[in-house]
Amino acid sequence: MKPSLSSLPSLSSLAPLPALLRYQTALLVRSQRWLPPVILYAVFLGIGVQGGQPILDSLAYAAGALLPVAAWLVRICVTNEPPAARSCTAAAAGPGRAHLASLLAAFLAASALGGVAAVVVTAISDATSTNARVPVPRLSAGAVGLLAMLVSALLGTALGALANWPLLRSAGRSVPAMLLGALLLLVTTGSPAKSVLTDLTTGSREGVVPLPLGALAGALAVAAAAMWGACVLSSRRG
């Protein structure tokens, strides 16, 4: 459910970005609209990740599943406010800054979810290669898993920023765009998501923990460009 206008905090404190971010995070938590994507992600991991499986393969699976969830969380955050409340927030803090806060709230939520998943997967998985012959350092694998989750959270946020308001206004266009975009990001050669998943699965076969810094840099660049474009457009459209 969406929060009512009467439940919103005073807008006089929303001008600084940290205050806007706290505001958007509170809206997300209180709306309970985060429950479906989080539950679906947990079910997806429960089906695909079992104790004793190779750690890097399991982390790749968990990171890949996080990307569409992150985009879903962005859709929740950018549509969470009633229209009147959104107008008030934009008037008090500026449309671009208000929109940036909603995108950052979704990114932080996705990153936290991915961090929890990485810790759980690292703890229950078998610290060996795919053929179970080569030991894999558990802590190093867990750290790389966190980087992979960050890549997925960044790209999911970028996708959500481009596939929702202010670029696409209707759910009939936004939802298919997010689904198609997530699929393309995961399977297209050159995508940072495809790169980090390939690194993890290749490392699992060889028993070597990769360091996907190139994929992380690419994801940061894509996310920054997408969020900047969405915020600029939100300022023009009010």
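In which loop does Ala132 lie? The legends below take up this residue and others in turn.

**View 1. Ala132 in the loop between helix 5 and helix 6 of the predicted model**. Ala132 is placed in the loop that runs between helix 5 (95-124) and helix 6, and its phi is positive, at about 65 degrees, although the residue is not a glycine. Most residues other than glycine have a negative phi, and most peptide bonds are trans.

**View 2. Gln32 in the loop between helix 1 and helix 2**. Gln32 is found between helix 1 (17-31) and helix 2 (35-48), and it too is a residue other than glycine with a positive phi, near 65 degrees. Its relative accessible area is 47%, so Gln32 counts as partly exposed.

**View 3. The cis peptide bond between Trp165 and Pro166**. The peptide bond that joins Trp165 to Pro166 is cis, with omega at about 15 degrees, and Pro166 itself lies in the loop between helix 6 (138-162) and helix 7 (171-187).

View 4. Among contacts between residues at least 6 apart in sequence, 81% join residues at least 24 apart. The 15 positive and 5 negative charges have mean positions that are 20 Å apart.

Conventions
Residues numbered from 1 in each chain as written. Predicted model: local features only at pLDDT ≥ 70, side-chain atom pairs only at ≥ 80, totals over all residues. Heavy atoms only, no water. Contact = heavy atoms within 4.5 Å. Lys, Arg positive; Asp, Glu negative; His and termini not counted. Charge placed at Lys NZ, Arg CZ, Asp CG, Glu CD. Helix = DSSP H or I, 4+ residues; strand = E, 2+ residues; numbered from the N terminus. Buried < 20%, exposed > 50% of the residue type's maximum accessible area, 1.4 Å probe, protein only.
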